[in-house]
Amino acid sequence: MSHGHAEVITTHEVHHDEHGAHHHHQSFITKYIFSQDHKIIAKQFLITGMIWAIIGGLMSVLFRLQLGYPDQTFPWLEDILGNWARGGKITPESYYALVTMHGTILVFFVLTGGLSGTFANFLIPLQCGARDMASPMMNMLSYWFFFGGSIVMLSSLFIQTGPFSGGWTAYPPLSALGDASPGSKTGMDLWITAMAMFVVSSLLGGLNYVSTVLNLRTKGMSMTRLPLTIWALFFTAVLGILSFPVLLSGFILLLFDRHAGTSFYLSDIYIAATNQALPNEGGSAILYQHLFWFLGHPEVYIILLPAMGMASEILSVNARKPIFGYMAMVGSLFAITILAFLVWAHHMFVTGLNPFLGSVFVLLTLLIAVPSAIKVFNWLTTIWKSNIKFTPGMLFALGFVSLFISGGLTGIFLGNSTLDIHLHDTYFVIAHFHIVMGVSAFFGMFAGIYHWFPKMYGRFMNNTMAYIHFWGTLIGAYLIFWPMHYEGLAGMPRRYLDYSNWSSFNQFGELNKFISTVAMIVFALQLLFVFNFFYSIWKGRKVTTLNPWDATTLEWTTPIHPGHGNWEGEIPEVHRWAYDYSKDGRDFIPQTEPIGPNESKH
Amino acid sequence: MTEAVSTQRKKIHPHKFTLWIGIGSIIMMFAGLTSAYIVKGSMAGFTTVQMPQIFYYSTAVMLISSFTMQWALKSFKERGMQQYRRLLTVTMILGLAFICMQLIGFSQLWEAGTKMKGSTGAGQFLYVIFGLHAVHVLGGIIALIVMFIKAFSARIRNYNSIPVEVMSTYWHFVDLLWVYLFVFFLFKL
């Protein structure tokens with residue numbers, strides 16, 4: 001770049017005047033609501049995400065009630081849901097609406113917004129050694145677009161025709177034609193508006209994350225000294241920046257089909273509800289699927305990578321050992337990021353995709369097993385023969401590894417286009433993605449919350465409740481999703497309200513009751529976590545030392561309650577990588593400590 | 001604080017960097033749309049249209065506006081504020097002229113029978129893709145208006161060239177994006 005020194009220094013001084021000043025008085029509104037402090041914004045994302053998780057989880061309880069007890073009525077359901085459960089039984093339309101909203105909420109609003117929104121905001125400046133994000137203003141806007149999108153999505157639950165009900169993937173024609181189903185009317189318009197706002201939020205956030213990681217690291221913090229959390233969050237942001245715009249272009253064409261009568265996705269349609277043949281010709285629903293899954297698959301890794309990064313960090317801290325194969329970890333994150341863009345069509349094996357093209361996508365899909373296996377190997381070797389401290393964060397990180405292995409292995413089944421002919425759209429798929437990206441990403445998120453809660457609020461969460469939460473959720477998750485593999489192998493399709501007309505699936509009647517019961521218990525355990533979270537904010541055990549976990553990274557050099565600007569005085573300089581645990585006879589050496597004269601340089 | 005600054009000295013300014021990533025993001029959006037065109041264009045029954053003449057002229061207008069923007073940046077850096085304001089105004093007017101010409105082009109296509117309803121071919125893609133590009137130009141014009149107000153405000157004296165550099169980079173980008181889209185359609189129609 002062709003600018004000289006002088007002007008850059010000028011602008012940076014301006015920059016620091018803005019963020020270094022944490023003495024001046026702030027009103028409640030600028031401090032906690034329209035805050036530009038990355039730590040407050042992180043908490044806003046976290047708490048909004050938690051509210052969404054409760055709503056989305058409650059939906060799963062409702063439809064599990066239907067799936068477990070299809071022959072019974074629950075009059076109290078009508079009291080809560082009104083027309084959605086006439087006579088105490090969930091109607092088919094509202095069942096579809098529930099599963100659609102459950103998917104949309106959990107995938108986007110909880111595990112994207114709530115997960116990377118929280119931890120990218122919280123950890124990137126703290127672990128890179130920056131006073132705030134590159135653009136705190138954009139960061140604030142990112143949250144408020146997320147909030148706005150959340151309100152619009154929430155409002156769609158309360159309209160008369162109900163929220164969108166065509167599946168979280170919003171395939172046309174159900175998403176393109178208002179007459180196709182009740183949920184395709186206003187519900188779909190609100191869905192697409194909310195999603196557009198969500199995409200804007202993700203982009204604003206992602207631009208900031210990448211820009212901060214690459215530009216605002218403290219002195220001495222080279223890229224290879226970054227903790228793996230930051231690498232993971234960085235690649236997550238890159239994935240979002242490159243894939244969300246493609247989803248948006250898919251949505252724009254969808255909007256034209258919906259409201260201008262074009263035929264990008266529609267062709268030769270006859271609507272039974274209105275007894276009408278449509279003039280649309282030549283459109284291709286597959287085109288939408290390509291555009292959707294070009295985001296949809298990277299989205300899986302947008303959800304998973306932050307969990308991987310946090311698990312790596314937490315495993316290393318609590319095993320008191322350096323992470324095994326740091327560069328291999330970074331390399332495998334990079335490989336996953338690249339491959340994420342090259343495998344989208346494995347979601348479309350049975351849509352009439354050219355079989356040759358399918359075989360290419362099978363190969364690329366199975367290649368993901370390589371970086372995934374490297375990561376698993378490195379996690380296991382990190383904890384191998386280590387002196388593990390079983391903190392709640394550590395337990396959840398270990399649980400994450402367990403679930404990632406279990407869920408990842410079934411991915412090898414589904415990545416085969418031939419096996420997919422049998423397994424597609426069955427409970428096998430449900431089981432696979434719930435374990436590998438749903439529950440395991442949640443475990444990464446829980447690990448992160450338990451581990452960084454002392455930094456967020458200056459207090460610890462209650463350990464007893466955390467242990468109950470962990471064991472209950474881990475056992476419960478396996479009890480819920482493991483049996484679904486058998487149902488799926490037997491051919492039981494997903495998205496059905498009632499299987500009692502299929503005699504071949506009657507054998508699963510009791511199993512479904514069992515799954516539903518466990519799902520309800522696990523949901524209640526999450527409420528225990530929520531209680532623990534809010535209780536501990538005000539009543540938890542206070543943090544008395546700067547570095548309660550004896551970790552090496554920079555966030556633990558800040559005051560217990562860091563102000564806006566994070567460090568009082570100068571930002572510390574970094575002299576070593578983030579994983580000097582049990583080195584040269586010492587338990588840990590902080591990143592800020594210079595390399596000693598007799599020390600081997602890492 | 002000086003030490004922290006010294007490490008960041010050789011790096012690109014964060015705002016400029018953020019713009020470049022944002023540009024990457026916009027590129028992905030249009031890559032998605034033009035690849036959708038390629039996929040759909042290879043299907044049976046895809047109809048094409050005649051490119052309206054006016055889009056050639058709007059291309060010229062866009063290219064000239066890029067030139068005036070660059071000149072404005074140069075004047076700003078040389079503290080030629082009078083000339084900077086004049087060139088900023090010219091760029092803005094050219095941008096608005098571009099949008100008007102795009103709208104005229106759309107209406108010509110519409111008159112020639114390319115409607116939204118019914119079957120979809122190149123014409124409908126052209127509306128969507130060129131329209132979306134025009135929205136991005138409009139965003140640039142709004143940013144120009146903000147800079148215009150700042151440049152004419154007597155209260156604020158600012159010689160920081162970063163915002164002007166960010167502005168000109170974005171403007172050149174929408175210009176290049178237009179050239180890409182125009183050439184893409186020239187080959188495909």
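**Chains A and B: a first look**

Biologist: How much of chain B counts as buried?
Modeller: In this predicted model, 38% of the 189 residues of chain B count as buried.

Biologist: And what is the secondary structure of chain B?
Modeller: Chain B has six helices and zero strands. Following the sequence, the pattern reads α-α-α-α-α-α.

Biologist: What does the C-alpha trace of chain B span along its principal axes?
Modeller: About 65 × 35 × 25 Å.

Biologist: Which share of its contacts join residues at least 24 apart?
Modeller: Take the contacts in chain B between residues at least 6 apart in sequence: 84% of them link residues at least 24 apart.

Biologist: Switching to chain A. What's its average pLDDT?
Modeller: Chain A averages 92, and 96% of its residues score at least 70.

Biologist: Where does pLDDT stay under 50?
Modeller: Over residues 1-23 of chain A. For that stretch the model has 24 contacts beyond four places in sequence.

Biologist: OK, now the two chains together. How many residues are in contact?
Modeller: On the chain A side there are 47, and they are in contact with 40 residues of chain B.

Biologist: Which elements of chain A give two or more residues to that side?
Modeller: Helix H1 (5-20), helix H7 (186-215), helix H8 (228-259) and helix H9 (285-319) of chain A.

Biologist: Which one gives the most?
Modeller: H8(A), with ten residues on the side of chain A that touches chain B.

Biologist: And how do the residues on that side divide into nonpolar, polar and charged?
Modeller: On the side of chain A that touches chain B, 24 are nonpolar, 19 are polar and four are charged.

Note on methods
Residues numbered from 1 in each chain as written. Chains lettered and ligands numbered in written order. Predicted model: local features only at pLDDT ≥ 70, side-chain atom pairs only at ≥ 80, totals over all residues. Helix = DSSP H or I, 4+ residues; strand = E, 2+ residues; numbered from the N terminus. Buried ≥ 20, exposed ≤ 12 C-beta atoms within 10 Å, placed from the backbone. Contact = placed C-beta atoms within 7 Å. pLDDT = per-residue confidence, 0-100. Nonpolar A, V, L, I, M, F, W, Y, C, P; charged D, E, K, R; others polar.
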